[in-house]
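Hi,

Here is the structure I said I would pass on. Have a look first, and my notes follow below.

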Amino acid sequence: MARWCYRHRLVVLLLWVGALFGLGFSATTAGTDYANVFSLPDTDSKSAYDLMQKAFPNSSGDTDTVVWKVDSGSVKDQSVRSRIQPALDKIADMKGVGGVTGPYSGARGATQISSDGTIAYAQVTFAEQANAVPKELVQNVVDTARDARQDGLHVELGGQAVQRVEEPPGGIAEGVGILAAAIVLFLAFGSFYAALLPIGIAIFGVGTGLFSTQLLSHATDIPDLAPLLATLIGLGVGIDYALFIVTRHRRGLQRGLDPEESAVIALNTSGRAVLFAGGTVCIALAGMLVTNLRFLDGVVVGTSLTVVLSVLAATTLLPALLGFLGPRVLSRKQRRKLADGPEPERTDNLAVRWSAAVQKRPRRIAAFALVVMAVLAFPVLSLRLGATDQGNDNTSTTTRKAYDLLADGFGPGFNGPLQVVTSSGDTATLVKDIQGTKDVAQVAALPPTDGVTVIQVVPKTSPQSVQTDDLIDTLRDKVIPGAGATGHVGGVTAISKDFAAVTGDRLPLFVATIIGLSFLLLLLAFRSLVVPLTAALMNLIAAAASFGVLVAIFQWGWGLDMLGLGKEGPINAFLPVIMLSLLFGLSMDYQVFLVSRMHEEWVHTKDNARAVRVGLAETSRVINSAALIMVCVFLAFVLSGNSGAATAGVGLAAAVALDAFILRTALVPAAMHLLGNSNWWLPGWLDKGLPHLAVEPAEEPAPAAVEGPSSAVHGFVRTTEGEPVEGASVTLLTAGGRQLDRVESLADGSYIVSVPAPGTYLLATTATSYGSIARKVTVADGPLVYDVELAEGEVDAVN
């Protein structure tokens with residue numbers, strides 16, 4: 001497939017460009033139809049919601065709040081009313097606004113003014129839910145309300161619709177992430193073209209994925225969070241997958257291979273690992289389905305589709321682009337060096353020295369890595385799931401200012417009232433009992449409708465406090481049954497509490513599912529029981545440490561001001577499921593790239609120490625570069641303005657950094673050195689019963705054992721005039737690019753390289769001032785005579 005894409009590169013490029021622009025045109029024409037379908041069956045808050053829908057079917061529009069405060073005097077003063085009331089009337093007349101309930105009219109108006117008379121609020125009810133209200137309408141409401149400001153009169157707005165227009169313009173986070181990734185790629189490759197390749201692949205993968213998700217939103221329920229998370233994971237894996245393949249291709253070019261052969265070998269080695277890694281990410285994402293939370297189904301669809309298209313772009317579009325660039329994926333300096341012959345493998349770089357150090361001191365390095373991860377994981381013991389609200393927004397936003405004003409004027413519980421919905425029993429007794437309950441500030445029963453009574457309960461504590469959670473339990477378990485009524489506790493705060501409880505109950509099943517599927521995949525790929533067990537344990541360690549970092553930052557508030565992420569609070573209940581899916585998928589990526597190279601060496605040598613050392617030395621640099629790019633992309637989502645995306649971005653950035661820099665390059669190889677050959681143990685009966693799933697290409701089997709002397713390729717290296725070439729470097733490689741033997745020609749131009757077994761190999765010959773050529777040679781049972789002819793100053797390509 002890689003060879004076909006390379007040779008038909010213009011066709012492949014046109015197909016991808018057509019797909020991107022075609023999907024983009026269709027998606028833009030169709031628009032979006034994202035739907036936040038949030039359902040918690042068999043919960044008390046869901047029962048309360050169902051009763052309210054039955055009694056109040058038309059109260060579905062989003063309700064936002066306009067809050068104002070005076071520095072002196074009262075909000076009842078004529079000077080204040082003359083500025084606020086016209087603004088409220090103007091808002092009420094806007095098309096798309098269902099109504100405005102203010103403090104200056106109506107029977108309940110007085111209740112919308114604080115006891116000291118300095119703060120008041122009005123409720124603006126839109127005709128649609130927040131995600132469906134046009135941003136232009138919301139912006140008009142915000143501007144109209146703010147125009148009423150004057151010295152001594154502060155006006156702020158809160159609510160979900162207002163929060164949407166407060167978010168920074170879309171694309172800032174993505175643009176910053178891509179720019180940071182481009183800088184890292186250029187520093188790693190030294191080539192402008194090579195740095196652009198992974199960026200281009202990610203753009204095509206994410207672009208087609210987002211447009212497809214947007215079109216699918218018309219056919220199934222996809223939440224508006226899905227495209228943001230799909231962009232986050234798509235940019236990360238798209239850049240990383242292309243990076244792995246381009247790195248392998250550049251290595252082949254530096255060995256003197258023809259660009260086409262190098263691209264084919266890169267796709268047949270690293271490309272296979274990309275396919276496998278992409279599959280593990282999709283499986284980890286699909287693990288969210290076992291939670292049976294409908295809210296996450298659309299997230300699975302959007303993110304998985306984007307990952308699949310990113311893998312497809314890396315395995316089809318990338319070889320086509322490599323065909324257009326040819327040797328220009330190397331820097332000019334590297335191309336000049338290549339003209340003098342293939343670059344020898346470096347044996348003194350930092351990765352090689354680190355790999356040797358891990359082999360020499362595995363116990364010390366493993367102990368240090370475990371201590372670091374344990375310290376970082378410690379805060380996870382105080383993890384509390386819940387829901388963030390506008391009280392966690394940045395202090396500069398109007399939503400946060402409105403939240404604080406309402407808390408100051410009407411109590412901290414005013415921003416998260418509870419709704420006790422009852423359909424039978426003594427309502428008067430229930431209201432009296434609720435009023436006498438600890439931590440209840442206000443109680444108000446609305447007139448009954450269709451036999452359903454809604455009792456508004458304002459707690460004394462904030463929506464995110466532990467005391468509010470305890471109050472909900474007290475109302476459900478003691479107060480409502482004690483009053484002899486049949487009722488349910490609902491409202492946003494109660495829903496958040498129930499969602500956290502349901503998520504916590506289903507989290508063990510979810511973790512067990514994705515660990516089990518990942519274990520099975522690694523078992524099939526590496527024919528080992530220990531390798532997948534090690535990977536599962538490392539994934540759990542990485543998850544604990546990354547959630548420890550989240551708790552320290554977002555729950556304890558360490559560094560929140562520096563990051564500009566608002567106020568501390570509980571961790572969003574949906575975040576563990578989404579983060580664990582992405583984390584397990586990305587961790588499996590690095591495990592596959594690291595262990596596949598180790599397994600390749602183990603198959604050839606059966607030497608565990610060498611396999612671990614070589615695998616770490618050859619992959620650690622690219623894994624660390626890929627992780628650095630991921631960290632840049634994820635941290636950029638702090639700029640998205642979405643608290644959920646910012647939290648996920650920080651958490652995933654921490655997880656990837658810890659996974660790549662500590663686990664995969666220190667703890668995993670140290671543990672594998674300590675475990676020795678048992679790393680690759682698999683019972684014979686199980687080996688026979690399992691299907692084979694090869695991450696490495698079939699062209700590189702383990703050399704067959706042969707008795708007696710091995711076979712050989714020998715001959716002479718001569719110029720086109722027939723003169724012998726002394727000191728020419730002759731290298732025998734497998735079809736996958738693995739070096740088997742290297743010699744230098746003698747004074748008469750003769751050479752001989754040993755061959756481990758019959759088969760097809762690559763013979764690369766280079767000499768200073770002469771050409772560099774590589775040819776396929778097929779060796780039968782006996783030695784093969786093969787003469788090489790070098791042309792001066794010419795680089796000959798493989799046919």
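This is a predicted model: local features need pLDDT of at least 70, side-chain atom pairs count only at pLDDT 80 or more; totals for chains, interfaces and linings use all residues.

Two packed helices are described by the angle between their axes and the distance between the axes. For helix H22 (residues 608-635) and helix H23 (residues 643-675), the axes come within 9 Å and cross at roughly 175 degrees. An angle over 145 degrees counts as roughly antiparallel, so H22 and H23 are roughly antiparallel to each other. As for what sits in the contact of H22 with H23, the residues there divide into 19 nonpolar, 6 polar and 2 charged.

Now the overall picture. The protein chain has 799 residues, and buried residues make up 55% of them. You will find 24 helices and 18 strands in the chain. Along the principal axes, its C-alpha atoms fill a box of roughly 110 × 50 × 45 Å.

Next, the surface. There is a nonpolar patch made of Leu-179, Ile-183, Phe-186, Leu-187, Phe-192, Tyr-193 and Leu-196, and together these residues have about 740 Å² of accessible area. Where does the patch come from? Helix H7 (172-189) and helix H8 (192-216) each supply at least two of its residues, and H7 gives the most, with 4.

Then the charged side chains. Side chains of opposite charge can pair when their charged atoms come close. The count for this model comes to 14 salt bridges, and I picked out a few for you.

One is in helix H3 (residues 44-55), where Asp-50 and Lys-46 are 4 residues apart, which means about one helical turn separates them. The closest N and O atoms of Asp-50 and Lys-46 are 2.9 Å apart. Both ends are partly exposed: Asp-50 has 37% relative accessibility, and Lys-46 has 23%.

Another is in helix H15 (residues 398-410). Arg-400 and Asp-404 are also 4 residues apart, so they too are separated by about one helical turn. Their side chains meet in a salt bridge at 3.1 Å, N to O. Is Arg-400 buried or exposed? At 9% relative accessibility, Arg-400 counts as buried, whereas Asp-404, at 28%, counts as partly exposed.

Arg-718 is partly exposed, with a relative accessible area of 29%. Asp-787 counts as partly exposed as well, at 43% relative accessibility.

Last, which residues are linked in a network of salt bridges? Arg-3, Arg-7, Glu-260 and Glu-261 are.

Cheers

Notes:
Residues are numbered from 1 along each chain as its sequence is written. Side-chain values use heavy atoms; hydrogens and water are left out. Patches are made of residues with over 30% relative accessible area and no salt bridge: like charges are joined within 9 Å, nonpolar side chains (Val, Leu, Ile, Met, Phe, Trp, Tyr) within 5 Å. Accessible areas come from the Shrake-Rupley method with a 1.4 Å probe; for residues, only the protein chains shown count as cover. A salt bridge is a side-chain nitrogen of Lys or Arg within 4 Å of a carboxyl oxygen of Asp or Glu. Axes are lines fitted to C-alpha atoms, for helices over the stretch in contact, and angles run from 0 to 180 degrees between N-to-C directions. Angles under 35 degrees count as roughly parallel, over 145 as roughly antiparallel, 65 to 115 as roughly perpendicular and the rest as oblique. Ala, Val, Leu, Ile, Met, Phe, Trp, Tyr, Cys and Pro count as nonpolar, Asp, Glu, Lys and Arg as charged, and the others, Gly among them, as polar. Buried means under 20% relative accessible area, exposed over 50%, partly exposed in between (1.4 Å probe, protein chains only).
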